[in-house]
There are 4 protein chains.
Amino acid sequence: MAGNTFGRILRLTTYGESHGAGIGGILDGCPAGLPLSEADMQRDLDLRKPGQGRTATARKESDTVRILSGVFEGRTTGTPIAFHIANEDQRSRDYGNLAQVFRPGHADWGFFQKFHGIRDYRGGGRSSGRETAARVAAGAVARLLLAVHGIHVQAAAVELGGIAVPPEERDLNGALARPYFAASDSVVPLWDQRVAAARAAADTLGGIVAVRACGVPAGLGEPVFDKLDALLAYALMGVGAVKGVEVGDGFAAARHTGSGNNDPLTETGFASNHAGGILGGISSGQDILLQAAVKPIASIPRTQQTIDREGRPASVLVGGRHDLAAIPRIVPVLAAMTCLTLADALLLQERMQALPESMLPQPRPAALQRRRS
Amino acid sequence: MAGNTFGRILRLTTYGESHGAGIGGILDGCPAGLPLSEADMQRDLDLRKPGQGRTATARKESDTVRILSGVFEGRTTGTPIAFHIANEDQRSRDYGNLAQVFRPGHADWGFFQKFHGIRDYRGGGRSSGRETAARVAAGAVARLLLAVHGIHVQAAAVELGGIAVPPEERDLNGALARPYFAASDSVVPLWDQRVAAARAAADTLGGIVAVRACGVPAGLGEPVFDKLDALLAYALMGVGAVKGVEVGDGFAAARHTGSGNNDPLTETGFASNHAGGILGGISSGQDILLQAAVKPIASIPRTQQTIDREGRPASVLVGGRHDLAAIPRIVPVLAAMTCLTLADALLLQERMQALPESMLPQPRPAALQRRRS
Amino acid sequence: MAGNTFGRILRLTTYGESHGAGIGGILDGCPAGLPLSEADMQRDLDLRKPGQGRTATARKESDTVRILSGVFEGRTTGTPIAFHIANEDQRSRDYGNLAQVFRPGHADWGFFQKFHGIRDYRGGGRSSGRETAARVAAGAVARLLLAVHGIHVQAAAVELGGIAVPPEERDLNGALARPYFAASDSVVPLWDQRVAAARAAADTLGGIVAVRACGVPAGLGEPVFDKLDALLAYALMGVGAVKGVEVGDGFAAARHTGSGNNDPLTETGFASNHAGGILGGISSGQDILLQAAVKPIASIPRTQQTIDREGRPASVLVGGRHDLAAIPRIVPVLAAMTCLTLADALLLQERMQALPESMLPQPRPAALQRRRS
Amino acid sequence: MAGNTFGRILRLTTYGESHGAGIGGILDGCPAGLPLSEADMQRDLDLRKPGQGRTATARKESDTVRILSGVFEGRTTGTPIAFHIANEDQRSRDYGNLAQVFRPGHADWGFFQKFHGIRDYRGGGRSSGRETAARVAAGAVARLLLAVHGIHVQAAAVELGGIAVPPEERDLNGALARPYFAASDSVVPLWDQRVAAARAAADTLGGIVAVRACGVPAGLGEPVFDKLDALLAYALMGVGAVKGVEVGDGFAAARHTGSGNNDPLTETGFASNHAGGILGGISSGQDILLQAAVKPIASIPRTQQTIDREGRPASVLVGGRHDLAAIPRIVPVLAAMTCLTLADALLLQERMQALPESMLPQPRPAALQRRRS
């Protein structure tokens, strides 16, 4: 199966290249009756808009989204929601020299091999980070759907260029208001210096993004393969530039002992959350905690060694306008993918209501009654 | 969709609980003509057999697999390959006390919530690590299929209880012959001490497993969502106890600069492999490199704080026979999931042959001719 | 994707060949809490058991089903339900001569071409009608699930060897108690004569099966491609020997005028049911009415013209023990496929509950309130 | 899963309502390198354009398609092909009165029930026949892909208003040049009279469409559920107005005897084609023959009895401009669905190439060598 569809009940299929007519998608499976407008999508899209912030390029794309179907009189109708974002301000000439060579660290080589030498090389074509706009637009619908159920997803940068936000300062709530969508105020001047140094060195930076989902009910996720953490790892690792994903304590958990890593259950809830809100692949009702490692931008402003289509040595200087770090623009993308994953899992779990309450074991355990109320 | 099916072209569906009749699965989509016997599956199954090694329990399950369909006169026929592994040596009475309480760090709570209070609590039921035997049995078929195409997958433990194999000593080749399936000889006595200390402290350990796939052709993986690294992250994170997944340099890549992280292309191949063999979600032809963080075993031999089905405080002492670490038994499981993912991606990529060579751009680039030859 | 999985939420994957170890399947996605035993499956299986009735062979297979997972203390647990039916009374020697030639009207040629000359020729292998036992076993679970929601599926033979049950005599209710699972008593002696004549002529017969589903709520089916009638056509046409499927008036509707074919809506329901309970691909709340054309059994007791593996002319006399008509044994198979399709559609529709009632338009139209009550 | 995606390897997802911004779709999984232009899609779209022929309405929609992605320098790139057809000449006021009542024979009631009282009632919204334009646009790509492999699909009307083309006169080749896309010239004046009479009677007509696919290689289709005939039945029955589907002799086969229905294999091919080119769910290499029953148009120009949203009796006179029969416009739609199904099955079958020729049984049977050459 071609790889441009995401989700099972709430299904997003996307299209579009960096320098074609535009990008967009079809979101199928959204329940009827959800209030939705283009402004709802635009709000999230504006968060990943280029041309903002200290790590950004000078491109000015307005990324204006248009809804083409599935909404009537201000509400979703249950039919497919198509949306389109026209490409603007394309300067394809910047990329003409890329037809013959492969940019190191980019998808050029893979697409060339996969599609038998055929590719739209302008700005990376389909492999451009620009495709993530469609994810964000659809993620906005998922976000609204989750909000109806009291679920909220937040994301923030917690590390940039090797400089991490101290754990005790982490504040995801206020991130969207900060430069870099940073998880603390204190780190911003340090990151400013780091970015300035990288820019001076004609280099680029990577970082780490944290995502948190609050209000997720217990019971989401489908063992044994479609565990909730497996689906989230798939969702986040599928975003370009992500090279690692952690749930809860992640790699640090590998160094814990069992007695330190287990989260005791108490009458008022779990006593800790090393697991990151997912036990045995099923949401526990605690906050879901994720981290994604983001590699440095591959398009560095230097001449690099490479080969051409004939396999001969060549050099390449990547023109165009490129960000210095995927942070902050990747932050709303990772939040969107988390929203899409959780909304899909939520809609899928609803099927469990298929047996009448009266058929389930009686009396109902108190723990379960709490969840249902 | 229920979550017990893995893969798109090569599809594995599994079943079974820890203390039911047995576990098994159906592997659908395997090409006709592959030589296959029960011994091929058994060889891999024996690698995850309990009762071996210093971190193991004393259980003695023979885990004997029987093929029920899809093989005729020693070859696969292209029809579904069903296999069954009967459960033996079950001591369900060890688990009787678990009907009323939730073990910390286990899936008990999630299953209870997900399935409305109904669960097979004996040995964890479906959430038992025992389900991974079906993955390993099916993974053996994928391994044979990959071998036909010159692809080989290896896995090894590279860290246990916080003690890592030094990078320069890593040797995945010989791991299956070493205790712990360790990536070096030198680390074995250190791990022995670490394990002894944990056992004395009535505690358990976690670790890190590395997986490498050699011989993978360029072109596997389906952007934008079904990137090869996304599928691998899904595959590994879906194994119980895994809390983090890295591709290539993983979280370390977040601290690199672009100039240090890019892998230059040269006439004779890539000059480095920070990317771990995947660029833009598509295999590059280099070795694929993965790491998985494995949390410590949740069943510690101590009384722990928890709640019962009614939500009241309770304590639990997990009986039964439990490993002290998921390592080494998780090593062949992670290798199997990697095999299944790669074989599926390989079979899916074959569809690209659908246009005759004569329809593709001429003359063929030299780089591509190399790949095809 | 390999073709041995059926359904989206309630997913059945089957395996097995006519002369292998047995046949069976995994039913995934069944809600937790449904009372289920092997006897429930066996009851339906016994309806398609060979060796009964005037069109049957002399084979005596007990077709005893064993549940291997997914049921605990008499209820489904929400995990995969695996079941196995061991093959018995196999006389493979009857089929030895079929290794070299292709039986006319059978799947031999197709399997040979599809799987590159590799096939289990014994009794048709995977293409044997025997695979339908797995469908019936799983269909029994779907039937129980539907019953919980007040949905009941009935099927009966309405035509055999060209002799049809008069429309006004059709009674699907009592069919299981009649020979041939016939839709009327009056037709039985006529069919007896037709069968005797065919047997004397060393020939076989076809017929037509009607299926009716009562109690189906309005709203099932997913336009535009997964219309309920499209899914049912897929389900029934996928049963071996079925060559045509009709919904409601079917081909007769092609000869109606619009004024005669439309079903008027009245205060107390629809005034007619030409549509067969499905409008625009969505169930209307009326009875769902289907018909399937069943071709005559291809294994006729005569020497037939064919070719061998080398493409040379050959003759074949199909030995083994074969029914004279697929009726009556195909009747419970078609009912089972209808049950599986409807249960899957029902579970999928549940996802639409994902918005709270309070978010939907107020006040609720009376028509809709009726449905919900 | 939402129902607006069709296919497994070649996947079409569509969107759009009758009176929204437009309709369109995303075709994912098309191999790279196929020459494709908007003109290729437009040619097929023009065949279903309204405003032509004796059964047509007076609407004038230009149905101009625009390709938004997936094509670069005149060839497909292997990435998703998105296309959009803007709606024009909408006279929504014609439909204002339909907000409160349900048109008999239409999907109004089903959508109302399915989506909780929410629907875009203008012109049927998503249930409008207009959605089939997206199928035809995508079908054009499938048709080109099939042509590369020597496969050609033809369709024609073989019955209208109860008047059938005599079997011996059937000529699908020339159908596109005839009025009604009729399968013979002789029937045209008879149909003209039948249409005139229906129009005078303020009524509408149904008919039967035949589809033939030539050049299909043996081996397509995936038993046991995804048989090729099952997939085709799903594809055709999923087109609005289709109430029955036949393969080969269809319902007539139910009246054959086995000796008359079996197609003997001979050295030069099959001696007959009762099976319609599919045996055991797998293509045999013969022509694939299908028939679809098309019900009369539900929008008759008369006042009809119905109910309103509150369930009260009401009458409705359907305004707007409606065809008198789905023929001829449904003919290219059914051809398109057949193309999409066959192209998908063809691409899926390619996966079976995954074992090298050298691993398959040697020497190769002559029958198979023929196929491969």
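A residue counts as buried under 20% relative accessible area, as exposed over 50% and as partly exposed in between (1.4 Å probe, protein chains only). At 4% relative accessibility, A:T341 is therefore buried. The model is predicted: local features need pLDDT of at least 70, side-chain atom pairs count only at pLDDT 80 or more, and totals for chains, interfaces and linings use all residues. Residues are numbered from 1 along each chain as its sequence is written, chains are lettered from A and ligands numbered from 1 in the order in which they are written, and side-chain values use heavy atoms, with hydrogens and water left out.

**Chain A overall**
- Chain A has 8 helices and 18 strands (DSSP runs numbered from the N terminus: helices H or I, at least four residues; strands E, at least two).
- Of its 373 residues, 69% are buried.
- The accessible surface of chain A is about 10,700 Å², with 52% belonging to carbon and sulfur atoms (Shrake-Rupley method, 1.4 Å probe; for residues, only the protein chains shown count as cover).
- Take the contacts in chain A between residues at least 6 apart in sequence: 71% join residues at least 24 apart (contact: heavy atoms within 4.5 Å).

**A:T341**
- A:T341 sits in helix α7, residues 330-349.
- Neighbours within four places in sequence aside, A:T341 contacts A:F6, A:L231, A:L232 and A:A235.

**Chains C and D**
- Chain C superposes on chain D by a rotation of 180° with 0.0 Å of shift along the axis, RMSD 0.0 Å (least squares on C-alpha atoms of residues with pLDDT of at least 70 in both).
- That is the relation of a two-fold axis.
- Both copies use the same surface: 100% of the contact residues of chain C recur in chain D.
- C:Y234 is the residue of chain C closest to the rotation axis, at 2.4 Å (C-alpha).
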